[in-house]
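Please look over the model below before reading on. The points that follow are numbered.

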Amino acid sequence: MSGQDLDAVIVGAGFSGLYMLHKLRGLGFSARVIEAADDVGGTWYWNRYPGARCDIESCDYSYSFDEDLQQEWQWSERYASQPEILRYLQHVAERFDLRRDITFETRVERAQWDEAAQLWTVSTDSDEQLTARFCIMGTGCLSSFNTPDIPGLADFAGDTYTTGQWPHEGVDFTGKKVVMIGTGSSSIQSTPIIAQQAERLTILQRTPNYVVPGHNYPMPDDEANKVKQSYAELRDAAQESAVGSGRALPRTPHLATSLDEQTFLSDMERRWAVGGLVGFVGAYADLNMDPAAANRVGEFFADKIRARVSDPEVAEKLIPHDHYVTTKRLCVDTGYYESFNRDNVDLVDLRTTPIETIVADGVRVGDTLIEADALVLATGFDAMTGSLNRIDIRGTKGMSLADKWNEGASSLLGLMSHGFPNLFTITGPGSPSVLTNMVTSIEQHVDYIAGVMVYLRDQDGVQIEAEQDVEDAWMAHNNTVAQTTTYMSANSWYIGANIPGKPRVFLPYIGGYHAYRAICQDIAQNGYCGFLIDGAARPCEVNFDAHVESFTPEELMVA
Ligand code: FAD
Ligand code: N01
């Protein structure tokens, strides 16, 4: 261990980095977190726009690793708001005394593998250099904001806000004419609140999304207590679930396409009444595979929009038309559609009339100037690879990770990429991550990475990296599983379609959290086969397909 500052440098102090630090400390490793923000929280530090909250129930979207923590923390709502989740993560930092090993307001700019010393040198924007045996990226899947390349954006004379970097002091839109660009989850959450404040709110929509109701409510004490008593079962259920959620509604034991109209509608109404994301994504075995099933469910969503929006023309504009339900991330709302029934809210369909340019006093759409005092960019993220590629990561022989991923991200299990020894990516591309309850996936990755480090230490090993052949096999498996779904047909951020020039590769692993976890366990039980330990390869018989639920077209017909 001589010549190195630390066992591990961890980048990022969100859910991932905080738990990684705590875990490594408990195992006797020395570690330091480097974080660009001035406090912990990650997503929940940066995304302070009005209405921001999680859309997986908080009892589910929270750490499970410490029983006392989950017993002492009481969520005040079914879906906690951003300030409450931030308070929770601040509480975690204090409770486990994490801040003393976090360097804030410091951005990692470069990470370089030194082959001779077998160490990472991590360089920051404060000219600090740290050496460590391991470098662990907890940089987030949705942490590099996408500022759109719209002509004239810099000429706008009013205030421009981005949802992913919202001012800490908040924004009062009272008496303002506001133009919002984007209609993804961030816009759908903030629209109802901005609409209540602003003199006029104009939403510029390029693609309407599928939206389910959240049915949020303040958490009564008796429900909170019941959750606390049943945490063990809830967390176990999350481990067995395809989406890493203990609250996922069970799959209907029939195909969406095989149900008669009345049974289908009553099943969908039951799901609608519960609300939330995880009741819909796995509702039917054919939903994410058969366009006919997706269309049937999509039509149900369309009717809900028609029922909620009073102007039929506006309602039709809000109905998704170019992608199947779930192929872009489902959004969860509280009063989104009702906002369009207000006199001060307008919807502009950019597919009919695109933005020409932004000017000092507004946005020119076709020949019309939409006047604005404030512009809200709710334009999403360079997802999954953005924050990694923004760091100059250099592996063996000076190879750059961004160059290696030029044609699309490649990894083994979303954890490691060949040529980058001892570099781990928490919820990296090639892992279930954004298709799941992220906290479940984060905890699984942190525990797994810690397990690898302990294994290596016990073997007196120094270096571990993905074996190229096994990485290729994993990527081929990822691609095969994704190809069996409807997801590949959508221009989603899952596939990099929202960022001009980004290679089109399906980024998260879509075989299901439970299947993925079982594959990881098989690999661990086989001495981490698939990973080269100190250069030595071992045979790897692990069958990636073994745990993945799959249906042939014939099986789908008869299921
Ligand atoms: P992050 O929380 O993104 O933290 C990464 C940290 O790394 C950031 O603080 C960033 O500043 C830091 N960082 C990045 N690069 C560098 C660098 N070079 N140097 C130093 N620091 C760096 N997921 C769900 O499962 N359920 C939800 O309901 C949900 N809601 C969401 C709502 C919003 C508005 C958004 C944007 C995402 C949501 N997500 C949700 C996804 C969410 O990102 C994850 O659930 C989770 O918070 C990710 O934690 P993380 O620690 O991995 O990454
Ligand atoms: O971003 P998005 P987001 N001109 O990418 C549009 C999580 N999250 O921040 O679809 C015009 O979904 C773009 O249009 P199109 C969640 O995982 C969760 O809202 O590309 N429009 C789209 O409408 C989520 O999926 C919550 O045609 C442009 C919008 O901007 C992820 O984070 C809340 C444009 C971007 O939508 C990202 O959500 C918030 C341009 N040049 C976030 N460029 C919860 O509810 C982009 N758009 C828990």
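**Notes on the predicted model**

1. The side chain of T379 comes to 2.8 Å from the backbone oxygen of N146, a polar contact (N or O atoms within 3.5 Å; within protein, one must be able to donate a hydrogen and the other to accept it, and residues adjacent in sequence count only if both atoms are side-chain atoms). T379 sits in the loop between strand 16 (374–377) and helix 12 (386–389); helices (H or I, at least four residues) and strands (E, at least two) are DSSP runs numbered from the N terminus. T379 counts as buried at 17% relative accessibility, where buried means under 20% relative accessible area, exposed over 50%, and partly exposed in between (1.4 Å probe, protein chains only).

2. This is a predicted model, in which local features need pLDDT of at least 70 and side-chain atom pairs count only at pLDDT 80 or more, while totals for chains, interfaces and linings use all residues. Residues are numbered from 1 along each chain as its sequence is written, chains are lettered from A and ligands numbered from 1 in the order in which they are written, and side-chain values use heavy atoms, with hydrogens and water left out.

3. Helix 15 (residues 468–483) has 16 residues and spans 22 Å from its first C-alpha to its last, close to the 22 Å expected at 1.5 Å a residue; the expected span is 1.5 Å times one less than the number of residues. Its buried residues are V470, E471, W474, M475, H477, N478, V481 and A482. They cover an arc of only 155° around the axis, so they lie on the same side of helix 15; the arc is that of the directions from the helix axis to the C-beta atoms. These buried residues pack against helix 13 (401–404), strand 19 (464–466) and helix 16 (513–525).

4. L507, in the loop between helix 15 and helix 16, is buried at a relative accessible area of 5%. Not counting residues up to four places away in sequence, L507 touches several residues, among them A383, P429 and W493, contact meaning heavy atoms within 4.5 Å.

5. The whole structure holds 30 salt bridges (a side-chain nitrogen of Lys or Arg within 4 Å of a carboxyl oxygen of Asp or Glu). One joins E57 and R247, with the closest N and O atoms 3.2 Å apart. E57 lies in the loop between helix 2 (43–46) and helix 3 (67–72) and R247 in the loop between helix 7 (231–239) and helix 8 (261–274), so the pair ties together parts 190 residues apart in sequence. E57 is buried at 11%, whereas R247 is partly exposed at 27%.
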